[in-house]
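Please read the following briefing beside the sequence and the 3D view, taking one topic at a time.

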Amino acid sequence: MSLPNELRHRMPPLQGLYYFYQAAHYGSFKAAAEHLHVTAAAISQQIRLLEDWLGTALFYRQHRRVVLTPEGQTLFEHSQEGFKHIQNGVWLINNDPEPQRLSLSTLPSFSVHWLVPRMTAFRSEHPDISVLVESKNELVDFEQSSLDLCIRYGEGRYPNLTSQWLMDDLLYPVCHPIYQKEHQIFAVEDLQGAHLIGDLLPDMDWERWMSIVGVQGGSTSLVYDGASYVLEGALSVQGVALARHSLAHRFVEDGTLVRIGNIAVRPNYSYFLCAPEGYFKREKVRLFSDWIRRQAAAFQHTRPADLVIKEA
């Protein structure tokens, strides 16, 4: 049988082709339907559409089973090879070239102030996995790198990547105890007399935070590009910083920074684990993802009990 010229350069209905392949493999519409979790009628309908498209029968319908016609046998042999190549391609995408080496990319601020202090625990649980942590603000092109996973702070919508929610955060003002004493900044209402340290990240905007809380503040005369610099400004007695709880918690705990008031705003952004979907099937990525989710869940309990949380 030869196809008309106009059909040689067109693909047949792919769903019908896959249903045909499964039915030919099992020798039964019913068995193929059970494997694909669809009805036997759906299998029959798709194969009939494929036969109409090809202009030839692919099966001899017999009682309780089907037998390939010569044309069906030809198509089965070629489709079997084709689906094998597709499966091999999927395997290559999901295959882990370095199963004992985990490469991560995350924000510099999150890396320094949250992740790195906890990495000893991961290394203790999985001493056979070596870890490389890259600190970058930009989302990585996985096709051009050897990275396994990214941790990002945002809305979780990144092209061609699967994003899995990790944890939410809170925003509240902090400053150095010396600055607090010198400027008498003890409540959010006192922010009118403070030098506010700003961040270029939209979610860290002072005006937005104060609008939600319902207070007024001083001038934002110092702005940094990055949460780590903002925190360093507060640690250097430069003013009051709007900080994420995930980054400022350890400084507040040891008294290096003090929290102003008891009001926090839940931001629009959250932390996400991001990678091509197949990467999450890698054993080392699965182990790290399970571990960091446990760490994130435990961290949620560090929120001060007296905090009044306002939604953005």
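The second largest pocket holds about 310 Å³ of space, where a pocket is an open set of points on a 1 Å grid over the protein atoms alone, at which a 1.4 Å probe fits, with protein on both sides within 12 Å along at least five of seven lines. Grid points are joined across faces, edges and corners, and the volume is the space filled by probe spheres set on the points. This is a predicted model, in which local features need pLDDT of at least 70 and side-chain atom pairs count only at pLDDT 80 or more, while totals for chains, interfaces and linings use all residues. Residues are numbered from 1 along each chain as its sequence is written, and side-chain values use heavy atoms, with hydrogens and water left out.

- Two or more lining residues come from each of α6 (108–115), β5 (149–154) and α10 (227–235), helices being DSSP runs of H or I with at least four residues and strands runs of E with at least two, numbered from the N terminus.
- The largest share comes from α10, which gives three residues.
- By class, the lining has eight nonpolar, four polar and four charged residues, where Ala, Val, Leu, Ile, Met, Phe, Trp, Tyr, Cys and Pro count as nonpolar, Asp, Glu, Lys and Arg as charged, and the others, Gly among them, as polar.

**The five-stranded sheet**
- An open sheet of mixed pairing is formed by five strands in the order β4-β3-β5-β13-β6, two strands being paired if DSSP finds at least two bridges between them.
- Because β4 (130–135) and β6 (162–167) stand at the edges with a single partner strand each, one side of each is left without a neighbour in the sheet.
- Strand β3 (residues 101–106) pairs with β4 in the parallel sense over six bridges, and Leu102 stands opposite Val131 in β4.
- Helix α6 lies across β3, β4, β5, β6 and β13 (270–275) and runs at about 115 degrees to β3; axes are lines fitted to C-alpha atoms, for helices over the stretch in contact (heavy atoms within 4.5 Å), and angles run from 0 to 180 degrees between N-to-C directions.

**The hairpin**
- Strands β1 (residues 59–62) and β2 (residues 65–68) run antiparallel and are joined by four bridges, with Arg65 in β2 as the bridge partner of Gln62.
- Two residues lie between the strands of this hairpin, in which Arg64 takes a positive phi near 70 degrees.

Key. On a 1 Å grid over the protein atoms alone, a cavity is a set of points where a 1.4 Å probe fits but cannot get out, and a pocket is an open set with protein on both sides within 12 Å along at least five of seven lines; lining residues have an atom within 4 Å of a point.
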